[in-house]
Amino acid sequence: MVNYQSLIGRQWDYGKHDCFSLVRDFFKLKGVNLPDFARPDQLEISESIFLQQAEAIGFGRVSWDKRRADDVLIMRLDTRTPMHAAILLPDEFILHQRQNSLSAAEPLRRYYVERVAAVFRYGADRSAAR
């Protein structure tokens with residue numbers, strides 16, 4: 001497991017320190033350089049960047065019951081499409097950066113579970129992961 005402590009407590013700054021930046025920085029600690037993408041102007045009504053780009057940048061979708069630490073959970077939190085990303089940590093915790101808050105590791109509460117739209121794993125075999 002990667003030491004992610006340096007990623008906790010960052011102030012949200014859209015396009016610099018947001019949920020996708022946190023995912024990129026987490027995977028960079030693991031030696032994986034993910035590309036960055038322009039952020040949409042209106043999060044609430046935009047299409048999901050991660051859902052559109054996941055496979056192209058090396059992620060495969062996995063089923064909820066096969067989730068494990070280091071998977072990325074894509075959630076819909078007050079947006080039309082799933083726009084929030086969190087990294088699943090051991091013991092059902094998540095690492096994430098919510099809008100207008102500090103990045104944090106916290107329990108994967110029912111609130112978040114109910115909003116998960118997809119689970120992605122870096123390097124997952126797309127044919128076997130579902």
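Where does E92 lie? Select E92 to find out: E92 sits in the loop that runs between β3 and β4 (93-96). The model is a predicted one. The phi angle of E92 is near 60°, a positive value in a residue other than glycine. Most residues other than glycine have a negative phi. The relative accessibility of E92 is 34%, so E92 counts as partly exposed.

Stop two is D78, in the loop between β2 (72-75) and β3. D78, too, is a residue other than glycine with a positive phi, near 60°. Its relative accessible area is 66%, and because exposed means over 50%, D78 is exposed.

Now zoom out and colour by secondary structure. The chain has three helices and six strands. Starting at the N terminus, the order of elements is α-α-β-β-β-β-β-α-β. Along its principal axes, the C-alpha trace spans about 35 × 30 × 30 Å. For 130 residues, a compact globule would have a radius of gyration near 14 Å; the value for this chain is 13 Å, which agrees. Of the 130 residues in the chain, 45% are buried.

Next, select C19, L43, M83, H84 and Q99. Of the 23 residues that line the largest pocket, these lie nearest its centre. The space in this pocket is about 430 Å³. Colouring the lining by class gives 13 nonpolar, five polar and five charged residues.

The C-alpha atoms of Y14 and Q99 are separated by 7.9 Å, although the two residues are 85 apart along the chain. Y14 belongs to the segment before α1. With a relative accessible area of 29%, Y14 is partly exposed.

The aromatic residues come next. How many aromatic pairs does the structure hold? There are 10. Select F26 and F27: their ring centres are 5.4 Å apart and their planes stand at 80°, so this pair is edge-to-face. Is F26 buried or exposed? At 0% relative accessibility, F26 counts as buried. F27 also counts as buried, with a relative accessibility of 2%.

Another edge-to-face pair is made by Y111 and Y112, with 5.2 Å from centre to centre and 80° between the planes. Their accessibilities fall into separate classes: Y111 counts as partly exposed at 30%, while Y112 counts as buried at 4%.

Which residue lies over the face of W64? Select R67: this residue lies over the ring face, at 3.9 Å from the ring centre.

How values were computed
Residues are numbered from 1 along each chain as its sequence is written. This is a predicted model: local features need pLDDT of at least 70, side-chain atom pairs count only at pLDDT 80 or more; totals for chains, interfaces and linings use all residues. Side-chain values use heavy atoms; hydrogens and water are left out. Rings of Phe, Tyr and Trp (its six-membered ring) pair if their centres lie within 6.5 Å; planes under 30 degrees apart count as stacked, over 60 as edge-to-face and the rest as tilted. Buried means under 20% relative accessible area, exposed over 50%, partly exposed in between (1.4 Å probe, protein chains only). A charge sits over a ring if NZ of Lys or CZ of Arg is within 6 Å of the ring centre and within 35 degrees of the ring normal. On a 1 Å grid over the protein atoms alone, a cavity is a set of points where a 1.4 Å probe fits but cannot get out, and a pocket is an open set with protein on both sides within 12 Å along at least five of seven lines; lining residues have an atom within 4 Å of a point. Grid points are joined across faces, edges and corners, and a volume is the space filled by probe spheres set on the points. Ala, Val, Leu, Ile, Met, Phe, Trp, Tyr, Cys and Pro count as nonpolar, Asp, Glu, Lys and Arg as charged, and the others, Gly among them, as polar. Helices (H or I, at least four residues) and strands (E, at least two) are DSSP runs, numbered from the N terminus. The radius of gyration is taken over C-alpha atoms; the globule rule is 2.2 Å times the number of residues to the power 0.38.
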